[in-house]
Each structure stands twice: as C-alpha cells, then as structure tokens.
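These notes are meant to be read with the coordinates open, and they move from the whole assembly down to single residues. Definitions are given where each term is first needed.

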Amino acid sequence: MRTSFRSVFLLAWLSARILPITPISPLFSAEKDSLSNGLVVIYEHNDSSPTTFLQLLIRGGKSAEPEGKKGLSFLTTRLAVEIPDSSKAQELLRLASSFSVSSRGDYSLINIECLTEGLEATLRILARVIASPLFSGMRVDSIKKYMAHQAKVESDDSLVIGHLAALASYFGEVGYGWSSYGDEKSLAEIRNRDVADFYRKSFTASNVVISVSSDQKKETLMGVIEKAFGSLPSGKPMPPAPVALRYPEKKDLYIPKETKQHLVCLAFGLAEIEPRRYAMNELIGNFLGKGSGSKLWPLRSEAKLAYNVNCRVTQMQKGGILEAYLETDGTKKDQAIYSLREVLNRVNKEGMSMEEFEASKAATKTNFLRDNELKDQRMATLGSFEMLGLGFDYMAKFPCLVDSLTLEEVNAYFRATLDLERALLIVVGPAN
Amino acid sequence: MLSRLALSPLLFLFLNHSCAPLLGLEVAKSRPFTLENGLRVFLLEKHDIPLINVVAAVNLGAKDEVAETSGLVHLLEHYILFRGTDQRSGSEISRQVRQHGAYFNAHTGPDLALFEIVVPAEHAFFALRNQKEILFELKLTEAGLEEEKEVIYEELRELEDDPFRYATSLTYQHLFAGHPYGNPVEGRKEVISSLKVGTVEDFYKRFFVPSNCALAVVGDFDIGVLEKEVRSVFGEVAATPFSAPEPTPVKVAPPLRKAVELEVELDVNKAYLVIGFLAPDYNHPDQYAFDLLTEVLGRGISPMLSFALRGRRRLAETIYMSYHAHKYGGISLTYLTLNPQDVVAAKRETLSFLRKARNENYSPDDFIGEAQFQAFDFLGGAKNKIRYTAYRAMESGLSLARSLAQHFLLSYSESPLVYLENIEKVTASDLRKVAASYLSRSEYVAVSVVPKKGGAKSRG
C-alpha cells in the first residue's frame, strides 16, 4: 500500500505553475508558490523526518463574524472537516493522520499532520470534505454542543478568564473581543444558512493560504496539493474587518471565582501590527516576563508573591494586548497589585538599561528559534505572519529586525505603550 | 518561558515516557562515553537550528523520598535553579543566563530530576559550565531555602486550582499508596515547612555525584570539539561513590488492593474525570503493547473509547488516554471532560469498556475469510501513529536530549534503538493480553472534579 502511494507521488503529473522562487534564509528556507486557481502555497522542504505538516489558513477568523454570531468562524471551519462517515475516519486513523481546528482574531486554521507516505490518501479524504461539507442541522448542533462545552471549560481557568476579559475590554463586541467558541446565546443565534454563507465567503482560493513543510520533493508535493485543493473556487478575499483598539473606561475589573489563587493582571492595549512594532512587542514581552532574570521575576524570587509570573503578548492585525500577570495567595493579593504596578511604573519611567536591552534581544532570538524548531511550529508561524499582513518572509527577517532595534526607540515605545494611566487591572479570585 | 506548566512536576510526567525519539540515532553523528568520575555522557549533532540543548539528569526523584522527605527533591530542584552556588548568587546566574539568551529550566518527576539549558550554539561552553556549577557547587543557606519554600507554597495552591493537574496528583497518591510514587512530587506543605538545611544538604551530597547523573547534549556543534569541552568542564568534578540514604524507599510499586473513588468540588462549570490503573514499568516487556493499546483506545481522531462514550448518549466531550512508565511501576490515565450530571454514567461506561478491551478485535488478523477485508486495522494505525510521534519528537533537540539522559538512568537495555523494533513486533493478541492484565482489574482510582454544590460561583 505504501509503495503505491509513493509511486503515485512520483507521477507528479499535476505540477502547478511556478511563481518566482523566494528563498527567505538558509535557516527558514520557505518559498511561495500557487495552485492553478491562485491559491497561495508556502512550502518548506525539510527532510528531518518522513512527515508532512500542512496548514490551511482561512482569512477572516473572529474579526469577520457578524454581530451577535460569535463562534461562527470556528463552527464553520470545524464543520468543514467533519468526516462524513466512520470508514473515512478509520482510514485516517489507519494512516496515523490527524487534524485540528482553531480560530484566531484574523483567520481560522485547519492543521493536518501525517506520515508523508500517507499524505495523498489523507488529502484525498479531507480535501473532498472541505470542498463540499454538509451543514446539516444534526452536525451543526453537534459542533455547537462541543463549542459550548469548550467555552465552559475555558471559564474554569483563571488565566483564560483574565485573557478573555482583557480582549473584551480592549476590543468590545466587535472583532477580537471574545472566545473563538462564542457563548451559548451567540451559538443559538447562528443558523445553518449563516454557516453556509460564511463558508462560501471564506473557503475560496483567494481567501485561503496553505503552508506546508514536508520531506516530499516540491514538484511532487505541489501535484498532490493541486489535486486536493486546485478546484476550490477563486472567489474574493474577505474584506478587512472593522476592528479597532479602544481603551476601556473602567480601569479595573474584579471577576469572582472561588479559587485558591488570585490572578492579578495588568493589561495594555497594543496598536495595529507593523513589522518593527511586532518585534518590539515580542522584545518587551520577553524583557518583562520570560524566565528568571526578567523584570517581573523578583516578584517571585524576592517578594515571594507567586510561583507563576509571566507576560503574554497577543498580536493581531488591528491591535493586540500585553498582559503582565502573576498568580498569588489571597493574603498577598493587595501586595501583588501594588508591586506589579510599581514594577511597571518604574520600567515605564526608567526604561531598559543597555545591558537589559542586549540580554532581552538575545533571549528573544533564542526563544524564536526554539519556538520554531518543529515543522508544525514553523509552518504555524510562517502562516500567521502571512495572515497578519507581515508576509511569510518576516520569519527570516525577524532576528535581523530584533538586532536593528535601538534602545532609544524601544524605550520611547515602551513609555507610549505601557502607560499605567491606560492600563486595565484584572483580578480573578475569591470576592473577599 | 517559566510558565506554570513549564515548571510543573506533573508536566514532567507527560514528557518522560518516550524512548521513541531515540529511533534514528544511527544516522546522526553521536558519541556516548563515560568520564573517569562516572558521569555518563551522550553527544548528538543536530544542525538544523543553531542551538545547543544541554540536559543533565540526576537519578533522584519522588522514588527516593519517604513520607518525612516528601517534596524535598522538588524543593532542591527549585533551589538549584534559582538560589546560587559557591561562585555566583542566584540573581547573578539569572542575569548571565539572560545575557547568553538562554532558556533555563528544570523538572522533578517520580524518577529523575532534569536540569536543562538551551543556548545559541556559540555559547556551548557557558551552558556546560553553568550546568556543572549549579549541579555540583551548590551553596545551601537557611535563608535561601526558606525563600524558595514560599514560592513552592504558591505552586501547591496553584495546582489545586487546576482540575486535571489536581485530579492527576490525587490519582497518583492513591494508586501508588504505600510507595514513594504515592507521595506528591511537588510535596506537602507540612513536610516542606519542616525541612531543614541539614536534611536537604545530606540528600544533595548523596545524590548529586557524577556517577548518579547523566548528561545529554544535542545540537549544532562539532562532536570532537564538544567532547573536549565536556571532558574539561565536567572532568573537574571529583569522583564520589554514590550511597543511597536510609531508610531505602520501597522499590516495586505494590498492587492496589481495592478501587478508590474520590470526588473533589471546585469552582468549575464542567466536570473533569481521571481514571487510573497500574501499568507496565519503564523496563517491562509489556510496555510496547501497552503504548499501542493506549493509542488505540484513547488517542487520535477517533479512538475506540469515543465510540463507547460519544454515541447517542454523548457522555463525554473530550477523551484522552496517556501512559507513563516509571522505573518501579507504570500508570494508565484516562481523562474526560463532561457534564457534571454524566460523571457516574461516564465512569461506569469507561470502566466497562476498558474491562472489555481484552476481548476486542484490533486487527484484520483477528478475522477469517471475507471478514478480514471489512475489518479495521486499529493496530496498524496505532503503529503508524507511534512512528509519527517518534519522528516528530526527533525534530526537537530538547526532547531528544531529555530522552537520552533519561534512557541512561532508567533503562536496563544497552541499546536505545529497540523501541520501534519492539513496537512493530506487537500483535493484536498482545494488546488483548495487556488489556486483560492491566485494565480488567477491579482495582482502579477514579477522581472526579465537579462544581461546588449550589453551583459554580464564577461567570461563564
């Protein structure tokens, strides 16, 4: 069976038309190509293992969901890979192929991973489903139930509660400000025809990008992908979503939850994405909260306020958030709020020192390499850069961009962005 | 980098059962050797990313603790990572680690403590010196110990807010009752608070000797150059004979005598169910069949357990099984998220399903004649999936380094390359045999985390 797959690969009779090759760096040597219907494919040859990771990135995501239809992007994307019968699911299982789905601020994703020897058979099953999914009432209800469940699971985690509260505060009821699973009310509002409409608009060649890493030769791989997705209709790209960052009027948010620990978080809004700004945000996130020696670390090692101190940066096309947080015992909550503010205030006023700046650059670059060591990680990053408008080749540029940042510009950006006057304090924990 | 999961001893449990990445070492440039002081070393070149991953493993974990020292290893691991040596204070170490752009972390598990650092390739020498110094030149002080205890108390409270981590910890405690694995890896507050520098130091001096450790380095280096550096840096450490402390903990995990069912109330909206069974240990020949059985029953896009639970009654929304093989005993864990009102039925169905697993057909070979062509090859799919997982793990330098260091200290086998060969040899009969031996028992531990009576207090 395996031999026959290989022989089919070797035929490669459907070679796609080839655009000029754009190698991006010896380290991340991806190139861009396209199928006959115009669907863009970002390809990386990687023979570190006989596996293939393929990702379909569908523009739109949460930001494209109509008002009151939160969760529509995830629901549609998930339904687009709902396997019609158990024999197909079993065939995927036999091939050791798997897929997963998620929805982000600006796009949704279908991740497919498999042994390369099973790639063609895997895509034969999944591409057929994706090209003509069935949005029956029973299927829609089934996925809605799953989403409602996952939304509740999210609400059992203080960190997720805090994160979603920050998104809602900075982006409101339009765009990025909610869970990709929606909520029970919004899910009830979504009709089958909404799903069908969203699918029609999203799953077109001009709105989908494929990123793929494989040990398979390019010509052969492109043939297989052409066969699978070359028939998606051309369509139009989704129009940009009307999303904008807004600064919340309310400066503190207390969310009751009967937990042992309190989450204490200071969240800041981040402006629209742009290459240099993206690099600065990553650098600042690293400087503040990544590991021992970061700026928040003394809250753990010296003040003994927490085990978990961290800084999370969420960057989307039209804006994002930076969350500096710690989880602490109830008796230390007030001290934690004070200390967190104090650290950020001091950093905002004094900025980074040259030593801190250089160390943060080094740590940011190492983290970037570590975070992109595996095929799936690398393709996810490349794909996200393409979707965010930075371009897939931003991957190769990122380390150089970090190197080119100057202390003055980072500190100026720091002062403008991490302004405590415009910060939102979020506390999740027991009300008393 | 040091998120709450990253430093979790429980995360270690999810990392530490995999010889699979060791497949394929024959095609890479590698070199095992032992220093005169007894330190076992494995070097493996991997040039796709300009990073070097250094993992030092110490043969010390919860297995070496008794009730009076429960959590000591975890405390020591924290201290070593963050509180300083004879040469440098904890803050100096942290500063230098950042200056070199390093990822720096450690994990404590049932069997081992792992200390890892990842640096850009040009800083290999720093990484080696750093690991040698923190491991073998520790400076313990009462003040430093008390400070780190406070951080651990925060960690213990955090664990109790996480439904699955908390339920997993309780499952271990009850499944391995009477064995050191039954002591929580992260420790108990009352024990930790009573630990004195002398006791910790005694442990440190006994266990942190080269002959009780292994070092694995994977990454972008020239193997000849790095070997010289390793010999120069770690060769300085004096050879000290390893002597186990008294009393020596019980080694082989005792059988569970009866089923244990626990219910924990937290402020959650959904229910979280964990079911645990004893399973083959790290060196047991059944481990290969059990790995495959776990894959077939509870992993992938359509595991067999989902047929039992996600049919018309839809008793669970998410299903996942895992298997962790420790040196003196293994554990099978089934994780479900579900509606609180379905906990009893889901538990009953899951146990019933696992009991029947000894009679299932897993391969077309289980059928005769025409039926063979209709039969689904669960076993073949699971073998493919394990191959995929192994290949994927090989892409990660840190994952490879962890597996290698672990193999040196836990495996009785000389060759690390037998895992996939043994997986390929497993038959459907082997799956039924291990299902009968391990999952058909009436002794299990089930921990359910459910909303507080009167409803959850949180939003959502």
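How many residues of chain A are in contact with chain B, and how many of chain B with chain A? The points below begin with that question, after a word on provenance.

1. **Provenance.** This is a predicted model, in which local features need pLDDT of at least 70 and side-chain atom pairs count only at pLDDT 80 or more, whereas totals for chains, interfaces and linings use all residues. Residues are numbered from 1 along each chain as its sequence is written, and chains are lettered from A and ligands numbered from 1 in the order in which they are written.

2. **The interface between the chains.** The contact involves 54 residues of chain A and 60 residues of chain B, two residues being in contact if their C-beta atoms, placed from the backbone, lie within 7 Å. On the side of chain A that touches chain B, two or more residues each come from α3 (86–95), β4 (98–103), α5 (137–154), β7 (252–256), α11 (297–301), β10 (319–329) and α13 (354–371) of chain A; helices (H or I, at least four residues) and strands (E, at least two) are DSSP runs numbered from the N terminus. The largest share of that side, eight residues, is given by α13(A). By class, the side of chain A that touches chain B holds 20 nonpolar, 19 polar and 15 charged residues, where Ala, Val, Leu, Ile, Met, Phe, Trp, Tyr, Cys and Pro count as nonpolar, Asp, Glu, Lys and Arg as charged, and the others, Gly among them, as polar.

3. **Chain A as a whole.** Chain A has 16 helices and eleven strands. Its radius of gyration is 23 Å, close to the 22 Å that the globule rule gives for 432 residues, so chain A is as compact as a globular protein of that length; the radius is taken over C-alpha atoms, and the rule is 2.2 Å times the number of residues to the power 0.38. The C-alpha atoms of chain A fill a box of roughly 65 × 50 × 35 Å along the principal axes. Of the 432 residues, 57% count as buried, that is, with 20 or more other C-beta atoms within 10 Å of their own C-beta, while 12 or fewer means exposed and values in between partly exposed, with C-beta atoms placed from the backbone.

4. **Domains of chain A.** An automatic or database domain assignment supplies the bounds, which divide chain A into domain 1 (2–229) and domain 2 (252–429). Taken over C-alpha atoms, the centres of these two domains of chain A are separated by 28 Å, and their contact takes 35 residues from domain 1 and 31 residues from domain 2. On the side of domain 1 of chain A that touches domain 2, α6(A) gives the most, with ten residues, and the residues of that side divide into 16 nonpolar, 14 polar and five charged.

5. A:Y394 is found in helix α15 (residues 394–404) of chain A, and A:Y394 counts as buried because it has 21 C-beta neighbours inside 10 Å. Not counting residues up to four places away in sequence, A:Y394 touches A:P275 and A:F385.

6. **Chain B as a whole.** Chain B has 17 helices and eleven strands. For 460 residues, a compact globule would have a radius of gyration near 23 Å, and the 23 Å of chain B agrees. The C-alpha atoms of chain B fill a box of roughly 65 × 55 × 45 Å along the principal axes, and buried residues make up 56% of the 460 residues.

7. **A sheet in chain B.** Five strands form an open sheet of mixed pairing in the order β7-β11-β8-β10-β9 (chain B), two strands being paired if DSSP finds at least two bridges between them. Because β7 (260–266) and β9 (318–326) of chain B stand at the edges with a single partner strand each, one side of each is left without a neighbour in the sheet. Seven bridges join β7(B) to strand β11 (residues 445–451) of chain B, and these two strands run parallel; B:E265 stands opposite B:V450 in β11(B).

8. **A covered helix in chain B.** Helix α2 (residues 72–82) of chain B is mostly covered, with eleven of its eleven residues buried, among them B:H74, B:E77 and B:H78. Just after α2(B), B:G84 takes a positive phi of about 105°.
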